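Please look over the sequence and the model first.

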Amino acid sequence: MEYLNLNLTSTIAGLAAVLLVMFLRLHWPFRFQYIAYLFKRRPEFRLRWLDASYRKNRSRSVAMLDKSTHEILIGNYELAEKYIVQGLNVCKERPSLFNQAMIHYLFYNLAIVYYSSGRYNEALEVAFRVYQRDQGMTDSLAVIACAHARLGEVESAQEAYKLIAKKRSARDWKLLCLAEIEAAKGNYEHALAHLRQLMGNSTHFQHLNRAELEKRLEEWQKASTQAG
């Protein structure tokens, strides 16, 4: 019976073991995503790890999340949307706590798909839903600001940007938001300056492929020439 007596040391050790198991169970499915993030400046390796997540995690929602991110990064928006829908269906069919938490990440990717493919009203609607679920997700605010700017709604874009301007996270998104807002106001030279800073500092943007940034660059260069 002495072996069953609990003391402070055994209690702490037991609690630590339980917390470790919970931590591993929560984060293990994201292992490929974490590794991919280490290769943020090596796009080919990042894409490889995201694809590995899809192959290894199979039908889990995190597999669909990482595969949709992979497709977003190479500009395959129609296919990305397909995997997002599959992921949301998995979450609906298997309503675990993990899958409930995954829903807003999948919707965030959907907002990116809509924004990147020029469906700005839809991007706004989805990004607002994400922000309502998790107001700590700064990137969703950035999508809101950028989408408002693309729609010419400068005041709304600036209001959304104010909420993220003082945050340390989402630095790349901040530069893109500033560029979009300046372009919406017709200040194309300022927009180009922000965009070039973004493209110079980031070899690979977190959720937009470089081709999308180059499209913006070409668009605003033409607009600047015509305005001049």
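What percentage of the contacts in the protein chain with a separation of 6 or more is accounted for by residues 24 or more positions apart? The share is 57%, where contact means heavy atoms within 4.5 Å. This is a predicted model, in which local features need pLDDT of at least 70 and side-chain atom pairs count only at pLDDT 80 or more, while totals for chains, interfaces and linings use all residues. Residues are numbered from 1 along each chain as its sequence is written, and side-chain values use heavy atoms, with hydrogens and water left out.

**Overall make-up**

- The protein chain has twelve helices and zero strands; helices (H or I, at least four residues) and strands (E, at least two) are DSSP runs, numbered from the N terminus.
- Of the 228 residues of the protein chain, 45% count as buried; buried means under 20% relative accessible area, exposed over 50%, and partly exposed in between, with a 1.4 Å probe and protein chains only.

**Nonpolar core**

- The largest nonpolar core contains 57 residues; such a core is a set of buried Ala, Val, Leu, Ile, Met, Phe, Trp, Tyr and Cys residues joined through side-chain atoms within 4.5 Å.
- Helix α6, residues 97-116, gives the most to this core, with twelve residues.
- The residues with the most contacts inside the core are Y115, V143, W173, L176 and L195.
- Not counting residues up to four places away in sequence, V143 touches Y108, A111, I112, Y115, A123, A127 and W173.

**Helices α4 and α5**

- Helix α4 (residues 61-73) packs with helix α5 (residues 77-93) at an angle of about 165 degrees, and their axes are 8 Å apart.
- Axes are lines fitted to C-alpha atoms, for helices over the stretch in contact, and angles run from 0 to 180 degrees between N-to-C directions.
- The angle makes α4 roughly antiparallel to α5; angles under 35 degrees count as roughly parallel, over 145 as roughly antiparallel, 65 to 115 as roughly perpendicular and the rest as oblique.
- α4 and α5 have a left-handed crossing, meaning that the near helix is turned anticlockwise from the far one by less than a right angle, whereas clockwise would be right-handed.
- On the α4 side the contact is made by S61, M64, K67, S68, E71 and I72, and on the α5 side by Y77, L79, A80, Y83, I84, Q86, G87, V90 and C91.
- By class, this contact of α4 with α5 has nine nonpolar, four polar and two charged residues; Ala, Val, Leu, Ile, Met, Phe, Trp, Tyr, Cys and Pro count as nonpolar, Asp, Glu, Lys and Arg as charged, and the others, Gly among them, as polar.

- A80 lies in helix α5 and counts as buried, at 0% relative accessibility.
- The C-alpha atoms of A80 and S68 are separated by 4.3 Å, with the two residues twelve apart along the chain.
- Leaving aside neighbours within four places in sequence, A80 is in contact with S68, E71, I72 and V113.
- N76, in the loop between α4 and α5, counts as partly exposed at 34% relative accessibility.
- N76 and N209 are 133 residues apart in sequence and 10.0 Å apart in space, C-alpha to C-alpha.

**Helices α8 and α9**

- Helix α8 (residues 138-150) and helix α9 (residues 154-165) pack at about 160 degrees, with axes 8 Å apart, and are therefore roughly antiparallel to each other.
- The crossing of α8 and α9 is left-handed.
- In α8, T138, L141, A142, I144, A145, H148 and A149 meet S156, A157, A160, Y161, L163 and I164 of α9.
- The contact of α8 with α9 has ten nonpolar, three polar and no charged residues.
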